[in-house]
Amino acid sequence: MKTKLKTTYLKYPSFEDVNMLDEYVEEYKKMFPNYHAVSRENYKEHLRVWEEHRKGIGTNGVFNNFCWIIDNNKIIGLCTFNINPEVDEKFRMYGGHISYSIHPKYRNQGYGTIACHLLIKKCLEFGIEEVMITCYDWNSPSKKVIENNFGILKDKIENKNEINCRYLINTKQSIKKFEEKLLKKLWK
């Protein structure tokens, strides 16, 4: 985990990422042959839309920042952090400040926990002292990631016939505890 924490980082997408993207998509298609989201062919359009979202265009005013999760020059996953989710009822209730998705090839390797930690740090850089993060009640791996970052369950609400768990994370405390926990593990 220590090595991954040092080498893993968040990166705003740019056209220079297209070669990393090819590998990411190729791996996804091996696992999910019908995968058709972001690709080389539509990447320029995605970049345009993500830039608009960063400015709150097309997101009901929420400043939605899309980032790649990168390690060893490979896209490990994707994530977003929202600067002001409270301006939109849907984001406020069901989305929160942070979301992340780890490529299936890299799941269960600690990347979700690291990505969440990096997103919490990013939120603090924007002056956000408490973040809300959500996941479906059935999503035990995501709950574990949130709890590894010291999320405290606020409540559970229904969302389209599913139960959505809403967690709150104090950014400063989470960062401090996460780093203390990591140091303890390193010295054992």
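Helix 2 gives the largest share of the lining of the largest cavity, 4 residues. Helices here are DSSP runs of H or I with at least four residues, strands are E runs of at least two, and both are numbered from the N terminus. Before going on, a word on the model: it is predicted, so to speak of a local feature takes pLDDT of at least 70 and a side-chain atom pair counts only at pLDDT 80 or more, while totals for chains, interfaces and linings use all residues. Residues are numbered from 1 along each chain as its sequence is written, and side-chain values use heavy atoms, with hydrogens and water left out.

Back to that cavity. The structure holds 1 cavity of 30 Å³ or more, and the space in the largest cavity comes to about 40 Å³. Its lining is made up of M20, E23, Y24, E27, K74, I75 and Y106. Grid points are joined across faces, edges and corners, and a volume is the space filled by probe spheres set on the points.

The largest pocket has a volume of about 1000 Å³. It has 40 lining residues, with Y100, T134, C135, N139 and S142 nearest its centre. Strand 3, helix 4 (89-95), strand 4, helix 5, strand 5 (130-136), helix 6 and helix 7 (171-187) each supply at least two of the residues that line the largest pocket.

Strand 3 (residues 74-82) runs antiparallel to strand 4, with 5 bridges joining them; strands count as paired if DSSP finds at least two bridges between them. One such link has F81 facing its bridge partner I98 in strand 4. In a regular strand the side chains alternate between the two faces of the sheet. Strand 4 has I98, Y100 and I102 on its covered face, and S99 and S101 on the uncovered one.

Now to helix 5. Of its 15 residues, 12 are buried, where buried means under 20% relative accessible area, exposed over 50%, and partly exposed in between (1.4 Å probe, protein chains only). Among the buried ones are Y111, I114, L118 and C123. After helix 5 comes G127, with a positive phi near 85°.

Most residues other than glycine have a negative phi. N108 is not a glycine, yet has a positive phi of about 60°, and N108 sits in the loop between strand 4 (98-102) and helix 5 (111-125). N108 counts as exposed because its relative accessibility is 80%. F150 also has a positive phi, about 65°, in the loop between helix 6 (140-148) and strand 6 (152-159). At 28% relative accessibility, F150 counts as partly exposed.

Conventions: On a 1 Å grid over the protein atoms alone, a cavity is a set of points where a 1.4 Å probe fits but cannot get out, and a pocket is an open set with protein on both sides within 12 Å along at least five of seven lines; lining residues have an atom within 4 Å of a point.
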